Amino acid sequence: MADDNEHTSPEEQALADEWAAALAEAGDASQDDIDAMLSQGGVSAPVPSPRAPMEEFGSAPKANGPVSLEGPNLDVILDIPVSISMEVGNTDITIRNLLQLNQGSVIELDRLAGEPLDVLVNGTLIAHGEVVVVNEKFGIRLTDVISPSERIKKLR
């Protein structure tokens, strides 16, 4: 053992000491484990740190807001921005055809005229709707909203 320490650099010895402390903390440390790690030339994966217990979503919030007995307090997520988009339709084309597009080109989509648009929130379908014009701006009137249980089924 003393011979091994004579052939190791101070950096390697410091690394060995750190590993010895980490393995001792884990409870399964032996000098053979430390020597095996040194002979492999270092570390392939970091020692996992102890995990803090995860809080349940339904647990009491740490905020000072009112707590209802009916379910989790959703006030903490109500101000999170999400991306909402309306999909008229889509199609697949080759790069050759894509490069030939210019002003006035028409691309055929997979939807029929008059068919409802898809309303997506962060890429997840939540509703169907139709285009309307309000104060000279486009809008969408929701015609069918997907139930939360159906949305969960689509995630699986």
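E136 sits in the loop between β3 and β4. This is a predicted model, and in it E136 has a positive phi of about 65° although it isn't a glycine. Why does that deserve a second look? Most residues other than glycine have a negative phi.

With 71% relative accessibility, N135 counts as exposed. The two strands around this loop make a hairpin with 2 residues between them.

## How the strands pair up

Now follow the strands away from that turn. β3 and β4 run antiparallel, and 8 bridges join them.

## Two salt bridges

How many salt bridges does the structure hold? There are 2. One of them joins the side chains of R141 and E130, with 2.8 Å from N to O. R141 lies in strand β4 (residues 137-145) and E130 in strand β3 (residues 124-134), so this pair ties together parts that are 11 residues apart in sequence. R141 is partly exposed, with a relative accessible area of 47%. E130 is partly exposed too, at 36%.

R111 and D118 also meet through their side chains in a salt bridge, at 2.3 Å from N to O. Is D118 buried or exposed? D118 is buried, since its relative accessible area is 11% and the cut-off for buried is under 20%.

## A nonpolar patch on the surface

Next, have a look at the outside of the model. V88, I93, L98, L101, I107 and L109 form a nonpolar patch on the surface. Together they have about 490 Å² of accessible area.

Take L101 as one of the patch members. Where does L101 lie? You'll find L101 in the loop between α4 (95-99) and β2 (117-121). L101 counts as partly exposed, because its relative accessibility is 33%.

## The whole chain

Finally, zoom out. The secondary structure of the chain comes to 5 helices and 4 strands. Starting at the N terminus, the elements run α-α-α-β-α-β-β-β-α. See if you can trace that order by eye.

Of the 156 residues in the chain, buried ones make up 11%, and D118 is one of the buried residues. The accessible surface of the chain comes to about 13,400 Å², and 55% of that belongs to carbon and sulfur atoms.

There's one more number about how the chain meets itself. Among contacts with a separation of 6 or more, 30% are between residues 24 or more positions apart.

Note on methods
Residues numbered from 1 in each chain as written. Predicted model: local features only at pLDDT ≥ 70, side-chain atom pairs only at ≥ 80, totals over all residues. Heavy atoms only, no water. Salt bridge = Lys/Arg side-chain N within 4 Å of Asp/Glu carboxyl O. Buried < 20%, exposed > 50% of the residue type's maximum accessible area, 1.4 Å probe, protein only. Patch = residues over 30% accessible without salt bridge, like charges linked within 9 Å, V, L, I, M, F, W, Y side chains within 5 Å. Areas by Shrake-Rupley, 256 points an atom, 1.4 Å probe, with all protein chains shown as cover. Contact = heavy atoms within 4.5 Å. Pairing = 2+ DSSP bridges.
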